[in-house]
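The following paragraphs describe the pockets of the protein shown here and the residues that line them.

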Amino acid sequence: MTFRSVILGTGSALPKQRVSNDDLAQRVDTSDEWIVARTGIRFRHIAGEGETTATLGAQAARHALAAADVQADTIDLIILATATPDQTFPASATKVQALLGIHDCIAFDVAAVCSGFLYALSVADSMIRTGAARRAIVIGAETFSRILDWEDRTTCVLFGDGAGAVVLEGQEGEAGILSTKLHADGRHNELLYVDGGPSTTGTVGHVRMKGSEVFRHAVVNLATVMTEVLDSTGLTPADVDWVVPHQANARILDATARKLGLSADRIVVTVDQHANTSAASVPLALDTAVRDGRIQRGQLLVLEAMGGGFTWGAAAVRY
Ligand code: UT7
């Protein structure tokens with residue numbers, strides 16, 4: 001028996017407005033054919049008035065609490081992964097905390113862009129295993145639509161808004177987070193970044209990306225970190241029931257699966273419906289596959305993501 005952080009429940013939230021590729025083609029020089037062929041994306045949700053990273057995050061957290069059958073006031077840690085906070089400060093996690101009606105717990109944001117949920121999950125797991133917290137909500141929430149350059153077809157068609165959350169609890173047993181591995185390499189800043197910030201331009205800025213170069217790094221880094229996390233648990237790709245990947249591009253998912261010898265039917269794919277929701281994409285995909293019955297208790301999951309920084313990471317979880 002080992003003390004581990006167990007996922008008690010999952011939840012997610014999407015903005016009301018759903019935007020198709022054809023809708024976007026009315027706005028920028030693109031087409032449904034190009035977007036589907038190059039990315040696998042068909043739809044994305046875009047936040048409207050009153051929908052923010054914190055409101056979406058709180059909604060996802062409420063659904064996760066309900067699925068876990070846990071009262072909000074028993075939570076002692078909230079970690080929110082986001083690159084699009086409601087305000088530069090305070091942390092949007094504190095806004096989520098207030099929206100959930102929790103008046104005293106640890107609450108902070110983690111910034112690792114698309115890998116943010118893996119970073120947040122790993123930090124929460126460490127805090128639970130060291131006894132700093134017993135029950136945690138880990139959230140990935142983003143409103144990337146608000147930092148997109150809607151004139152730049154090379155980026156604006158790729159992203160969407162949303163949130164996903166898990167409730168974790170420390171328990172003795174076989175289930176839970178078995179291992180996490182995280183990496184960063186700041187030399188690649190200029191391949192994927194936002195051209196503004198409080199300490200440089202004093203503005204929020206817009207997303208800039210050299211997509212094909214990010215693509216090459218993503219396939220190599222993701223295959224390597226997934227192998228690393230499995231090796232650390234003594235498991236192999238053959239033991240994996242489901243890969244829950246960051247949903248950036250269907251071609252990245254295929255190429256990574258091929259590298260590990262994993263069949264495509266073990267990869268959870270939601271990029272067609274949600275596009276790239278950055279830190280929200282892994283918990284959104286996880287909640288989708290839990291709720292539609294694909295992911296079952298006792299199964300082995302590998303969660304993985306890579307994003308700006310670069311940052312990348314993976315987690316092996318006995319669900
Ligand atoms: O979440 C963080 C991690 N992010 C990623 O993992 C993203 C990784 N990168 C990608 O997913 C892909 O590189 C993209 C989907 C961004 C781009 O696909 P690509 O196959 O690498 O295309 P490309 O950038 O090499 O562009 C090919 C062509 C270019 O035209 P020319 O120069 O060949 O004439 C682009 O101008 O496609 C053109 N193009 C478009 N055409 C129609 C770029 N964007 C569009 C567009 N619609 N939206």
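Strand β9 (residues 192-194) gives the largest share of the lining of the largest pocket, namely three residues. Strands (E, at least two residues) and helices (H or I, at least four) are DSSP runs numbered from the N terminus. The model is predicted, so that local features need pLDDT of at least 70 and side-chain atom pairs count only at pLDDT 80 or more, while totals for chains, interfaces and linings use all residues. Residues are numbered from 1 along each chain as its sequence is written, and side-chain values use heavy atoms, without hydrogens and water.

A pocket is an open set of points on a 1 Å grid over the protein atoms alone, where a 1.4 Å probe fits and protein lies on both sides within 12 Å along at least five of seven lines; lining residues have an atom within 4 Å of a point. The largest pocket holds about 730 Å³ of space, a volume being the space filled by probe spheres set on the points. Among its 30 lining residues, A83, T84, P85, I147 and V194 lie nearest the centre. Domain 1 (3-173) and domain 2 (177-318) each contribute at least three residues to this lining; the domain bounds come from an automatic or database assignment.
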